[in-house]
Amino acid sequence: MTESVIDPGLLAGNRRPMAGYQARHFLWEVRDGVATVTLNRPERKNPLTFESYAELRDLFHQLKWADDVRVVVLVGAGGNFCSGGDVHEIIGPLIRLKAPELLMFTRMTGEVVKTIRACPQPIIAAVDGVCAGAGAILAMASDLRLATARSKTAFLFNRVGLAGCDMGACALLPRIVGQGRASELLYTGRSLGGEEGERWGFFNRLCEPDALLADAQALAAQLAQGPSFANGITKTMLHQEWAMTIDQAIEAEAQAQAICMLTQDFSRAYHAFVDKQKPRFQGD
């Protein structure tokens, strides 16, 4: 069967490589379809700044058109994930701003979560050590979370006089760990240890600290070998169906699955299955 030729203009508008992206406020690497974002301020436990928030927002938005990234791993350098917003570079300046500028900031941070959820690639957070404030939000917004037993995840907003409803926490966290547990974490700001986080379902599994990144990248490589278009549809439906009735979800999934059945991934999987069923004869 002859494959259709895609018009170069259509390709230019909808596909772009991201391996050559030059990150300014974190590390970026693409290898065999797996991109790794490394928050890289280990001396301060990898806090976020105005600039890194904005770059993360823009990067995850661009991933909608990436043709060489199938899965993303999000990790912190130096044995910690992310300590949240930098006290001196973010929190200090914020107390001097008026309401319009503060709303500009909170909308920007919320856009980071929106773009993480909207990009088609599964996002795997590899959480070690401190995972606090906005760092906990980044982990929460990811699709899968691997962690270590020594990790400490804390939604610290009430500890600095703010509400727990930050960057979608009141919507996302109860769906992951349940309403009561989410309420406890958001009201108290206490740390959620790695073993407790795994029991609660916040973490998919625990890894040894020295193996965490390798385990996350191995899982990413496994997903990258799967049907990328179909995985993107799965991610989209997981998020969209929160606002649907069961009947609406069943119909939406029927339409989505029919589209996936038109892909080469589906056809290749069928023919690979058929080939495995063919009898194998050994010579005398």
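**Entry 1: the largest pocket**

A note to myself before starting: helices and strands here are DSSP runs, numbered from the N terminus, and lining residues are those with an atom within 4 Å of a pocket point. I am working from a predicted model.

I began with α10, which gives the most to the lining of the largest pocket, with 6 residues. Which elements give two or more residues to that lining? I found α10 (228-240) and α12 (264-277).

Next I looked up the volume, and the largest pocket holds about 1000 Å³ of space. Its lining counts 28 residues, and those closest to the centre are Arg15, Arg70, Ser228, Phe229 and Asp265. I then sorted the lining by class and got 11 nonpolar, 9 polar and 8 charged residues.

**Entry 2: the second largest pocket**

I moved on to the second largest pocket, where the volume comes to about 730 Å³. Which residues sit closest to its centre? From a lining of 28 residues, I noted Ile91, Leu94, Phe157, Val160 and Leu162.

Three elements went into my notes here: α3 (87-94), α4 (99-118) and β5 (130-132) each supply at least two lining residues. By class, I read 19 nonpolar, 6 polar and 3 charged residues in this lining.

**Entry 3: Gly33**

I stopped at Gly33, which is placed in the loop between β1 (27-31) and β2 (34-39). Is Gly33 buried or exposed? I have it down as buried, because its relative accessibility is 10% and the cut-off for buried is under 20%.

What does Gly33 touch beyond its neighbours within four places in sequence? My list reads Asp68, Val69, Arg70, Val71 and Ala224. Arg70 was already in my notes as one of the residues closest to the centre of the largest pocket. I also checked Gly33 against Ala19, which is 14 residues away along the chain, and their C-alpha atoms are separated by 9.2 Å.

**Entry 4: salt bridges**

How many salt bridges does a search of the whole structure find? The search gave me 11. As a reminder, side chains of opposite charge can pair when their charged atoms come close.

I looked at Arg31 with Glu29, a salt bridge whose closest N and O atoms are 2.7 Å apart. Arg31 counts as exposed at 54% relative accessibility, while Glu29 counts as partly exposed at 36%.

I wrote down Arg41 as buried, with a relative accessible area of 18%, and Glu89 as partly exposed, with 34%.

Arg57 and Asp58 make another salt bridge, also listed at 2.9 Å from N to O. I noted Arg57 as partly exposed at 25% relative accessibility and Asp58 as partly exposed at 36%.

Note on methods. Residues are numbered from 1 along each chain as its sequence is written. This is a predicted model: local features need pLDDT of at least 70, side-chain atom pairs count only at pLDDT 80 or more; totals for chains, interfaces and linings use all residues. Side-chain values use heavy atoms; hydrogens and water are left out. On a 1 Å grid over the protein atoms alone, a cavity is a set of points where a 1.4 Å probe fits but cannot get out, and a pocket is an open set with protein on both sides within 12 Å along at least five of seven lines; lining residues have an atom within 4 Å of a point. Grid points are joined across faces, edges and corners, and a volume is the space filled by probe spheres set on the points. Helices (H or I, at least four residues) and strands (E, at least two) are DSSP runs, numbered from the N terminus. Ala, Val, Leu, Ile, Met, Phe, Trp, Tyr, Cys and Pro count as nonpolar, Asp, Glu, Lys and Arg as charged, and the others, Gly among them, as polar. Buried means under 20% relative accessible area, exposed over 50%, partly exposed in between (1.4 Å probe, protein chains only). Contact means heavy atoms within 4.5 Å. A salt bridge is a side-chain nitrogen of Lys or Arg within 4 Å of a carboxyl oxygen of Asp or Glu.
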